[in-house]
Amino acid sequence: MGTIEVGGKVLETDEEGYLKNLSDWTPEVAEYMAKQDGLELTDNHWEVINFLREYYEEYQIAPAVRVLTKAIGKKLGPDKGNSKYLYELFPYGPAKQACKYAGLPKPTGCV
Amino acid sequence: MSEVTGGVEVEEEIGGTVKKFMFVNRKAPYGTIYALEGLEVVLISAAFDQDVSLVFLDDGVYQLKKGQHTKAVDMKNFSPTYRALEGYDIDKLYVEKESLEERGLTADDLVVDVEVLTAEEIAKLMAEQDVVLSF
């Protein structure tokens, strides 16, 4: 359990820093989390983060990284739907790290 | 955290034997944790590139019923997640005809495309599996 303070609000997180309540998320939360990891979010990051939020909205789960990679490829093209590109954006693992910034739970199957 | 699911290279290196896994879903979606846990196991199993199929029978057919409203039971409506299975390359979904009919349902009442099979046909499929897990 933990908390983060973003924009004057205290938000609950789990022990790994994922937001407890999906509805607490704002873009500032993503910026804050990225900063903690020493990362500056670019449009390319946001493309993935927004994609994940839409995916969750539709399917109610955070996708496994393989599924994410494939789905990104379908939507944004093969130059973005590959592990290398996604790992460059999210060095801690595209599914794990991007889901965290997107305010989603950790992908099912990630231990 | 192991992002095993991302290892395209790993898949090529290891290969290995593909077994036939069948997950049998028999219980109503809410009231117990079986349906949700079963679905999670299925999603995880997708990472291992096995031959996976799902069967829905008895009250398990309700897991796929359209129009679930779960606010009153204070559980997440996870039925949209069955529609994500296709993206996980899990496309063998079988529903028992008798179970549907007993509950006044047809394939049109379900959130995903399924193959409706008789109990006899499902029994036959089951016999062909390497592993059958029931939830």
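Which residues in H2(A) meet A:Ala71, A:Ile72, A:Lys75 and A:Leu76 in H3(A)? In this predicted model, where local features need pLDDT of at least 70, side-chain atom pairs count only at pLDDT 80 or more and totals for chains, interfaces and linings use all residues, they are A:Glu47, A:Val48, A:Phe51 and A:Tyr55, a contact being defined by C-beta atoms, placed from the backbone, that lie within 7 Å. Residues are numbered from 1 along each chain as its sequence is written, while chains are lettered from A and ligands numbered from 1 in the order in which they are written.

Chain A contains five helices and two strands, where helices (H or I, at least four residues) and strands (E, at least two) are DSSP runs numbered from the N terminus. Along the sequence these elements follow the pattern β-β-α-α-α-α-α. The radius of gyration of chain A, taken over C-alpha atoms, is 13 Å, close to the 13 Å that the globule rule (2.2 Å times the number of residues to the power 0.38) gives for 111 residues, so chain A is as compact as a globular protein of that length. The C-alpha trace of chain A spans about 40 × 25 × 25 Å along its principal axes. Of the 111 residues in chain A, 32% are buried; a residue counts as buried if 20 or more other C-beta atoms lie within 10 Å of its own, as exposed if 12 or fewer do, and as partly exposed in between. Among contacts in chain A between residues at least 6 apart in sequence, 50% join residues at least 24 apart.

The packing of H2(A) against H3(A) is described by an angle of about 110 degrees, with the axes 11 Å apart, the axes being lines fitted to C-alpha atoms, for helices over the stretch in contact, and the angles running from 0 to 180 degrees between N-to-C directions. That angle makes H2(A) roughly perpendicular to H3(A), a label given to angles of 65 to 115 degrees, whereas those under 35 count as roughly parallel, those over 145 as roughly antiparallel and the rest as oblique. The residues of this contact divide into six nonpolar, no polar and two charged, with Ala, Val, Leu, Ile, Met, Phe, Trp, Tyr, Cys and Pro counted as nonpolar, Asp, Glu, Lys and Arg as charged, and the others, Gly among them, as polar.

Helix H2 (residues 43-59) of chain A also packs against helix H5 (residues 94-101) of chain A, at an angle of about 80 degrees and with the axes 9 Å apart, and H2(A) and H5(A) are therefore roughly perpendicular to each other. In this contact A:Val48, A:Ile49 and A:Leu52 in H2(A) meet A:Pro94, A:Ala98, A:Cys99 and A:Tyr101 in H5(A), and by class the contact has seven nonpolar, no polar and no charged residues. Seven of the eight residues of H5(A) are buried, so H5(A) is largely enclosed by the rest of the structure. The buried residues of H5(A), among them A:Gln97 and A:Lys100, pack against helix H1 (27-36), H2, helix H3 (65-76) and helix H4 (83-89) of chain A. Just after H5(A), A:Gly103 takes a positive phi of about 80 degrees.

As for the strands of chain A, strand S1 (residues 2-6) and S2(A) pair in the antiparallel sense over five bridges, pairing being assigned if DSSP finds at least two bridges between two strands. A:Ile4 stands opposite A:Leu11 in S2(A). S1(A) and S2(A) form a hairpin with two residues between them, and A:Gly7 in the turn has a positive phi of about 55 degrees. Of the five residues of strand S2 (residues 9-13) of chain A, the number buried is zero, so S2(A) lies largely in the open.

In chain B, five strands form an open sheet in the order S4-S3-S2-S1-S5, and the pairing is parallel. The edge strands are strand S4 (115-117) and strand S5 (131-134) of chain B, each of which pairs on one side only, and the twist averages 25 degrees from one strand to the next. Strand S3 (residues 93-96) of chain B and S4(B) pair in the parallel sense over three bridges, and B:Glu96 has B:Leu117 in S4(B) as its bridge partner. Helix H4 (residues 119-127) of chain B packs on the sheet, touching S1, S2, S3, S4 and S5 of chain B, and its direction makes about 135 degrees with that of S3(B).

Key. Contact = placed C-beta atoms within 7 Å.
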